[in-house]
Amino acid sequence: MTDNLLEIAQLLSRRFNPWWNNVKLEVPQFKRRDFAYLKKELENSKVITLIGPRQVGKTTVVKQLISELLNAEKNPKRILYVELDDVQLRDLSPTPLLDVLKAYEHHILGESLDLAKEPTY
């Protein structure tokens with residue numbers, strides 16, 4: 001399992017979180033109507049879940065929020081994005097959410113999310 005956690009951490013870095021490696025995130029300038037509400041909720045909520053049909057802009061608004069966080073000079077390693085339906089991720093783990101969080105804590109943050117002093121987005 002430890003090897004899989006390392007592979008998951010590498011996948012997180014390479015595919016889902018390029019800003020960890022100083023790669024600029026390209027996002028559309030047009031902001032969806034929920035953008036301002038979600039931006040405010042980032043500071044007030046522990047978890048935000050977006051649900052909705054395919055192709056309505058969930059990923060776009062999330063990446064715009066990530067871009068805002070990066071522009072506000074938040075620590076890039078404290079911004080985690082993942083697509084839990086990713087085929088490669090699901091091949092690596094029968095419990096992708098649990099293993100993503102373990103890999104993120106162990107290989108990226110180096111600390112438990114429960115004990116973290118800085119917020120993680």
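A: E68 is partly exposed, with a relative accessible area of 26%. Partly exposed lies between buried, under 20% relative accessible area, and exposed, over 50% (1.4 Å probe, protein chains only). This is a predicted model: local features need pLDDT of at least 70, side-chain atom pairs count only at pLDDT 80 or more, and totals for chains, interfaces and linings use all residues. Residues are numbered from 1 along each chain as its sequence is written, and side-chain values use heavy atoms, leaving out hydrogens and water.

E68 forms a salt bridge with K39; their closest N and O atoms are 3.0 Å apart. A salt bridge is a side-chain nitrogen of Lys or Arg within 4 Å of a carboxyl oxygen of Asp or Glu. This pair links distant parts of the chain: E68 sits in helix α3, K39 in helix α2 (residues 35-44), 29 residues apart. Helices are DSSP runs (H or I, at least four residues), numbered from the N terminus. K39 is partly exposed too, at 40% relative accessibility.

The whole structure holds three salt bridges. Another joins the side chains of R15 and D86, 2.5 Å from N to O. R15 lies in helix α1 (residues 2-16), while D86 lies in the loop between α3 (58-71) and α4 (87-92), 71 residues apart. R15 is partly exposed at 41%. D86 is buried at 11%.

R78 and E111 also meet through their side chains in a salt bridge, 2.6 Å from N to O. R78 is in the loop between α3 and α4, E111 in the segment after α5 (96-109), 33 residues apart. R78 is buried at 4% relative accessibility. E111 is partly exposed at 30%.

Methods:
Helix = DSSP H or I, 4+ residues; strand = E, 2+ residues; numbered from the N terminus.
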